[in-house]
Amino acid sequence: PADAARRMGIRQQTSGEQFQAALRGLHIPSRAENLAMIGGAEPALVASLAPLFSDPAASHEGRALILDLLVGARHGTAQALLCQLLDSPFVQDDPKAILLRQRLSFVRHPTTETLAFVKQKASSATAIEFLPGQFAT
């Protein structure tokens with residue numbers, strides 16, 4: 001831990017001790033706790049992602065990260081929000097919207113509602129939205 005704090009301190013332009021002191025009192029959730037908060041029976045953090053996504057100051061990359069979190073949650077509530085956000089003006093107005101929409105392909109077990117959303121969007125899409133490899137990442 002001391003070596004990690006020293007390295008993080010360098011990145012934060014502080015000493016390792018100052019970095020560790022800044023973390024005192026904080027609870028850093030484990031991977032299991034993170035998954036429970038995002039995708040458990042009560043996905044408490046899912047709803048908190050919508051305002052972050054809709055913030056006009058949010059970047060394309062920030063919005064992509066939020067969509068990735070929702071895909072990874074593997075929860076119906078998260079999928080519903082994923083579809084809602086993908087249907088928002090923030091995606092429609094993004095020049096790289098296709099990169100955001102592609103997140104749907106990573107949903108492992110789509111709900112009936114998610115499948116209906118994909119079907120509806122695919123039936124109304126223009127050919128340009130489906131050019132293979134146009135924005136492959």
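The legends below describe close-up views of a predicted model. Local features require pLDDT of at least 70 and side-chain atom pairs count only at pLDDT 80 or more, while totals for chains, interfaces and linings use all residues. Residues are numbered from 1 along each chain as its sequence is written, and side-chain values use heavy atoms, with hydrogens and water left out.

View 1. With neighbours within four places in sequence left aside, T114 is in contact with Q79, C83 and L104 (contact, heavy atoms within 4.5 Å).

**View 2. Q79 in helix α6.** Helix α6 spans residues 76-86 and includes Q79. Q79 is buried, at a relative accessible area of 4%. Beyond the neighbours within four places in sequence, Q79 is in contact with V107, H109, P110, T111 and T114.

**View 3. Helix α5 and the residue that follows.** Helix α5 comprises 14 residues, 60-73, and reaches 20 Å from its first C-alpha to its last, close to the 20 Å expected at 1.5 Å a residue (expected span, 1.5 Å times one less than the number of residues). H60, R63, A64, I66, L67, L70, V71 and A73 are the buried residues of α5. In an α-helix, residues three or four places apart point the same way because there are 3.6 residues a turn. R74 follows α5 and has a positive phi, near 55 degrees.

**View 4. Q92 in helix α7.** Q92 is located in helix α7, residues 89-92, and is partly exposed, with 47% relative accessibility. Apart from residues up to four places away in sequence, Q92 touches D87 and R101. A polar atom of the Q92 side chain lies 2.9 Å from the backbone oxygen of D87.

**View 5. I28 in the loop between α2 and α3.** This loop connects α2 (16-23) and α3 (31-39). I28 is exposed, at 58% relative accessibility.

Methods
Helices (H or I, at least four residues) and strands (E, at least two) are DSSP runs, numbered from the N terminus. Buried means under 20% relative accessible area, exposed over 50%, partly exposed in between (1.4 Å probe, protein chains only). A polar contact is a pair of N or O atoms within 3.5 Å; within protein, one must be able to donate a hydrogen and the other to accept it, and residues adjacent in sequence count only if both atoms are side-chain atoms.
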